[in-house]
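Here is a short briefing to read alongside the sequence and the model. Have both open as you go through the points below.

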Amino acid sequence: MRIGVLTSGDLGKDTLEKIILNFNVAFVLTDNNSRGIMKICEYAKIPFFNGNPRKGLGYNFIENIEVDVIVSVNYLFLIEKDIIQHPKKLIFNIHSSLLPKYRGTTPHVWAIINNEKETGITAHIIDEKCDTGDIISQIKIPINKSDTGADLLNKYKLEYYKLIKRVFEKIKSGKLELIKQDECAATYFSKRT
């Protein structure tokens, strides 16, 4: 199975390192500030695009690179239709909340602010909206009273690759079951300023 990876930041770097040990990564899209991700790609000889992928820039880079699946991990950009339609099988995202709650940015911090007792991560299909695609799988993560946003990110770091591997196994076995998100339970949170 050939994989495309869209990823940013330290969480993305850590997860990419684990993915390339076990899967055939055909390309990576990242942002200009994720130098650690770019170094990994250079070392592993993985073609990569850094910058804003919108207006066809990302798609122009990948259009001749065939992949079965694209996974988005901590990626900074919303993904446009051309990239969504590119993989042969599917495109999915790892979102750092238990969707449909906490759609949007920095959901782990909002969960702490709102005194939640647990959070989690969700693998979901990417569509043209923000965090609205069908759910593939979730992992629940407890929030301790003393947890900071950084603490939760460290907990996520332990679980992201496990969830991605679970999704890849479901794809390979043909046992991918999708769950529609309950729009009545959906909440959105914007970037903290």
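Between which helix and which strand does the loop with I65 lie? In this predicted model, I65 sits in the loop that runs between α3 (57–62) and β4 (69–73). The chain as a whole is built from 6 helices and 9 strands. Its radius of gyration is 16 Å, close to the 16 Å that the globule rule gives for 193 residues, so the chain is as compact as a globular protein of that length.

**Overall build**

- Along the principal axes, the C-alpha atoms fill a box of roughly 45 × 35 × 30 Å.
- Buried residues make up 50% of the 193 in the chain.
- If you count contacts with a separation of 6 or more, 62% of them join residues 24 or more positions apart.

**Surface and charge**

- You will find 28 positive and 23 negative side chains, with the centres of the two sets 3 Å apart.

**The loop residue I65**

- Although I65 lies in a loop, this residue is buried, with a relative accessible area of 17%; the cut-off for buried is under 20%.
- Leaving out residues up to four places away in sequence, I65 touches R2, A26, F27 and H86.
- P47 is 18 residues from I65 in sequence, and the two C-alpha atoms are 9.6 Å apart in space.

**The strand residue H124**

- H124 belongs to strand β7, which covers residues 118–125.
- Is H124 buried or exposed? H124 is buried, and its relative accessible area is 3%.
- Beyond its neighbours within four places in sequence, H124 is in contact with I91, F92, N93, H95 and L99, and also with D131, G133, D134, I135 and I136.

**Cysteines**

- A disulfide is a covalent bond between the sulfur atoms of two cysteines.
- The count of disulfides in this chain comes to 0.
- C184 is in no disulfide, and the nearest cysteine sulfur, which belongs to C130, is 19 Å away. A disulfide would need the two sulfur atoms within 2.5 Å.
- C184 is exposed, with a relative accessible area of 79%, whereas C41 is buried, with a relative accessible area of 1%.

Notes. Residues numbered from 1 in each chain as written. Predicted model: local features only at pLDDT ≥ 70, side-chain atom pairs only at ≥ 80, totals over all residues. Heavy atoms only, no water. Helix = DSSP H or I, 4+ residues; strand = E, 2+ residues; numbered from the N terminus. Rg over C-alpha atoms; globule rule 2.2 N^0.38 Å. Buried < 20%, exposed > 50% of the residue type's maximum accessible area, 1.4 Å probe, protein only. Contact = heavy atoms within 4.5 Å. Lys, Arg positive; Asp, Glu negative; His and termini not counted. Charge placed at Lys NZ, Arg CZ, Asp CG, Glu CD.
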